[in-house]
Amino acid sequence: MPITIRPLQPGFVGEVTGIDICQPLTPAQVSAIEHGMDQYAVLTFPDQPLTDDQQVVFSANFGELEVPLAAQMANPSMRRFDRLELGDISNFDGKNTDKLRDRDDSRRMYALANRLWHSDASFRAVGAGYTLLHARIVPGKGGNTEFADMRAAYDALDEATKADIEDMVTEHSITFSREQIGFEVKGDGNPDNLRPVRHRLVVTHPVTGRKSLYLSSHIGGIVGWPVPEARAFIRDLTEHATQPQFRYSHPWKVGDLVMWDNRMVMHRATRFDDLKEKRDLRRTSIKGVGLEVTHAQAAE
Ligand code: OGA
Ligand code: MN
């Protein structure tokens with residue numbers, strides 16, 4: 001059966017069928033998916049009952065897997081899975097338990113910042129490329145993941161703003177996003193994890209050549225600007241970039257895998273009753289190669 005991509009939102013979100021991603025892929029299938037990602041930026045794969053290992057194997061087709069910062073900084077005894085590359089996007093308290101996290105649990109506070117529009121791992125020198133999220137348990141109500149198309153948002157800017165931001169360089173840190181919701185990241189004693197990194201605000205897709213806004217809640221400054229002015233500007237731009245016409249909201253079903261390109265898309269979690277309802281998603285992320293040239297200019 002050939003791979004079919006049905007547009008859910010033309011040029012932005014496609015639904016992929018005609019493939020079993022629990023099985024090893026052929027090179028032709030990998031390139032069809034990569035080509036789909038270049039065209040769309042978000043792909044959904046319904047009814048894929050992946051195991052943890054199968055999710056890792058599928059993800060590794062697309063590059064080098066990242067170890068999430070939360071996993072890196074977490075106490076190993078609290079981890080729910082053995083594989084460090086597998087991010088725990090759930091509200092469970094620990095291993096082998098049905099207990100949900102308490103209201104004031106610091107892991108819950110940290111994860112609540114996912115409700116801010118962001119690009120994964122933009123606080124790293126090389127941010128995430130693709131993120132893959134797989135649904136194991138979904139709540140009865142709420143808990144969608146929303147996406148906003150940063151290419152369309154860039155295209156819709158007026159020419160004067162495009163010129164103003166063309167060479168703009170922003171500073172990203174995990175502390176900036178958490179600070180926005182009043183949560184202080186303590187870190188693990190390694191200051192490298194919290195130190196701001198620089199990225200260009202306007203990036204170019206390595207294959208299609210399309211320009212995109214590299215925005216994220218992790219941004220806390222613009223190089224050469226006073227901090228309040230920078231944050232007010234980034235807030236305005238984020239408001240522009242996340243208008244309804246640039247958005248898609250994904251209502252999760254068990255077995256869905258959704259993958260997106262963090263270089264071209266921002267995303268956020270939406271609210272659900274996480275003190276009562278279970279939600280268990282598992283995340284893998286691929287290092288976002290392809291923007292090195294653009295970003296090296298930012299470090300100069
Ligand atoms: C993530 C994330 C959103 C969600 O896992 O990186 O932002 O809906 N998740 O859980
Ligand atoms: Mn995220």
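A residue is called buried here when its relative accessible area is under 20%. The legends below describe a predicted model.

**Figure 1. The manganese ion (ligand 2) and its donor residues in the predicted model.** The manganese ion (ligand 2) is coordinated at 2.1 Å by H118 through NE2, D120 through OD and H267 through NE2. Along the sequence these donor residues follow the spacing H-x1-D-x146-H. Both H118 and D120 are buried.

**Figure 2. Overall view of the chain.** The chain contains 9 helices and 15 strands. Its C-alpha trace extends over about 50 × 45 × 30 Å along the principal axes. A compact globule of 300 residues would have a radius of gyration near 19 Å, and the chain agrees with this because its own value is 19 Å. Of the 300 residues, 51% are buried. Among contacts between residues at least 6 apart in sequence, 81% join residues at least 24 apart.

**Figure 3. Helix α1, residues 27-40.** Helix α1 has 14 residues, which at 1.5 Å a residue should span 20 Å; the C-alpha atoms at its ends are 20 Å apart, so the two values agree. An α-helix has 3.6 residues a turn, so residues three or four places apart point the same way. The buried residues of α1 include V30, I33, G36, M37, D38 and Y40. After α1 comes A41, which has a positive phi, near 95 degrees.

**Figure 4. The hairpin of strands β1 and β2.** Strand β1 (residues 4-9) pairs with strand β2 (residues 13-17) in the antiparallel sense, over 5 bridges. T4 is placed opposite T17 of β2. The hairpin has 3 residues between its strands, and G11 adopts a positive phi near 75 degrees.

Figure 5. Leaving aside residues up to four places away in sequence, A241 touches A148, M150, A153, L213, L215 and F246. The C-alpha atoms of A241 and M266 are 9.0 Å apart in space, while the two residues are 25 residues apart in sequence.

How values were computed:
Residues numbered from 1 in each chain as written. Chains lettered and ligands numbered in written order. Predicted model: local features only at pLDDT ≥ 70, side-chain atom pairs only at ≥ 80, totals over all residues. Heavy atoms only, no water. Donors = N, O, S within 2.8 Å, 3.2 Å for Na, K, Ca; no water. Buried < 20%, exposed > 50% of the residue type's maximum accessible area, 1.4 Å probe, protein only. Helix = DSSP H or I, 4+ residues; strand = E, 2+ residues; numbered from the N terminus. Expected span 1.5 Å × (residues − 1). Rg over C-alpha atoms; globule rule 2.2 N^0.38 Å. Contact = heavy atoms within 4.5 Å. Pairing = 2+ DSSP bridges.
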